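The sequence and coordinates come next.

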Amino acid sequence: MPVLFFDPGQMTARLDLETPQEVPDGQGGAVLGWTVAASIWARIEPVSTQVTEEASAETGRITHRIWLRFRSDIAAGQRLRKGGRIFRVKLVQDPDETQRYLVCQCEEDAR
């Protein structure tokens, strides 16, 4: 597999990596909360948009490809946050298997 060239100077977005954490609700159950695990630099590339109708209202979903430096602690089910924007991580891959970069396939809800 050829080595991928990528300019790390294009990583201009500062994102928070958040991991899910169950917090007891005091009644024997749990509520899903999010904890910031790290703050990282990344490149966000919009990939596609999809407009759907839910409960007689139009909503949208935007997919993104987010590039970042290799980390072994990123997995599907986590999320990346940039201010009020939340990117749900669906898939994580090492594009050229050299452990230099990761590409996260993410979804963002359009509001």
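Where does E97 lie? E97 lies in the loop between strand 5 and strand 6 (101-110).

## Basis of the values

The model is predicted: local features need pLDDT of at least 70, side-chain atom pairs count only at pLDDT 80 or more, and totals for chains, interfaces and linings use all residues. Residues are numbered from 1 along each chain as its sequence is written, and side-chain values use heavy atoms, with hydrogens and water left out.

## Overall fold

The protein chain has six strands and zero helices, in the order β-β-β-β-β-β from the N terminus. Along the principal axes, the C-alpha atoms fill a box of roughly 50 × 35 × 25 Å.

Of the 111 residues, 28% count as buried; buried means under 20% relative accessible area, exposed over 50%, and partly exposed in between, with a 1.4 Å probe and protein chains only. The chain exposes about 7100 Å², of which carbon and sulfur atoms supply 49%. These areas come from the Shrake-Rupley method with a 1.4 Å probe, and for residues only the protein chains shown count as cover. Among contacts (heavy atoms within 4.5 Å) between residues at least 6 apart in sequence, 52% join residues at least 24 apart.

The chain carries 14 positive and 16 negative charges, whose mean positions are 5 Å apart. Lys and Arg count as positive and Asp and Glu as negative, while His and the chain ends are not counted. The place of a charge is taken as NZ of Lys, CZ of Arg, CG of Asp or CD of Glu.

## Pairing around strand 4

Strand 1 (residues 13-24) and strand 4 (residues 79-82) run antiparallel and are joined by three bridges; two strands pair if DSSP finds at least two bridges between them. In this pairing, D16 stands opposite R81 of strand 4.

Strand 4 also pairs with strand 5 (residues 85-93), in the antiparallel sense and over four bridges. Here the bridge partner of R81 is I86 in strand 5. The two strands form a hairpin with two residues between them, and G83 in the turn has a positive phi of about 65 degrees.

## E45 in strand 2

E45 is in strand 2 (residues 30-54). The residue counts as buried because its relative accessibility is 16%. Leaving out residues up to four places away in sequence, E45 touches T63, H64, R65 and W67.

With W67 there is a polar contact between the two side chains, at 2.9 Å. A polar contact is a pair of N or O atoms within 3.5 Å; within protein, one must be able to donate a hydrogen and the other to accept it, and residues adjacent in sequence count only if both atoms are side-chain atoms.

Q93 is in strand 5 and is partly exposed, with a relative accessible area of 35%. Not counting residues up to four places away in sequence, Q93 touches Y101, L102 and V103. The C-alpha atoms of Q93 and S72 are separated by 11 Å, the two residues being 21 apart along the chain.

Most residues other than glycine have a negative phi. E97 has a positive value, near 55 degrees, and counts as exposed at 61% relative accessibility. Q99, in the loop between strand 5 and strand 6, has a positive phi of about 60 degrees although it is not a glycine. Q99 is exposed, with a relative accessible area of 55%.
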